[in-house]
Amino acid sequence: MAMQKKQQNFRQYLVLSGLKATRQRELIARAFFATNTHISAEALYRRVSGRDRRIGLVTVYRTLKLLKEAGLAHERQFGEGRALFEHASSERHHDHMICTHCGKIVEFENCEIEALQEEVARKLGFTMQYHKLELYGQCSDCRADVRRGTGRVRALGAR
């Protein structure tokens, strides 16, 4: 879904919910929709606070909550107790690989895994409504750093 359409859907959700489409909410939503990766509320705040000093971290959290309620964002917990947000997209399902050392997140799609999950659900008498798959390990960069004896560590969601 194009960014403009997402903005329009968000405005429509606000109106239907009896809320105002404020300049701050618009700016936060636009910055969120401009991302192409998982982002923390703090990182999103850093992106928007320079554009409007009246935007506080609480406003970013509240706007992300509204985006979730509108079905336009998903909140993910990949460990470390920090929430990361990504665009909600009915266009394609994806799963995640998370590096336990540096926090790198890689999205992937695999038809065989999807079919296997459906088969397991069917055999156990379930009709799957939704799911998420998260695989944890070390990325190739971190494994190479360990072999070289360098130990860079990035905070999860700090990108």
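Predicted model: local features only at pLDDT ≥ 70, side-chain atom pairs only at ≥ 80, totals over all residues.
**Helix α4 and the cysteines**

Just after helix α4, G71 adopts a positive phi of about 80°.

Helix α4 comprises the 13 residues 57-69. Five positions are buried in α4, namely V60, T63, L64, L66 and L67. Viewed down the helix axis, these buried residues fall within an arc of 160°, and they therefore line one face of α4. An α-helix has 3.6 residues a turn, so residues three or four places apart point the same way. The packing partners of the buried residues of α4 include both helices and strands: α1 (3-16), α2 (23-33) and α3 (41-49), together with β1 (73-77) and β2 (83-87).

The structure holds zero disulfides. C102 takes part in none, and the nearest cysteine sulfur, which belongs to C142, lies 3.7 Å away. A disulfide requires the two sulfur atoms to be within 2.5 Å. For C139, the closest cysteine sulfur is likewise in C142, at 3.6 Å, which is too far for a bond. Both C102 and C139 are buried: the relative accessible area is 1% for C102 and 12% for C139.

Definitions and conventions:
Residues numbered from 1 in each chain as written. Heavy atoms only, no water. Helix = DSSP H or I, 4+ residues; strand = E, 2+ residues; numbered from the N terminus. Expected span 1.5 Å × (residues − 1). Buried < 20%, exposed > 50% of the residue type's maximum accessible area, 1.4 Å probe, protein only. Arc of directions from axis to C-beta. Contact = heavy atoms within 4.5 Å.
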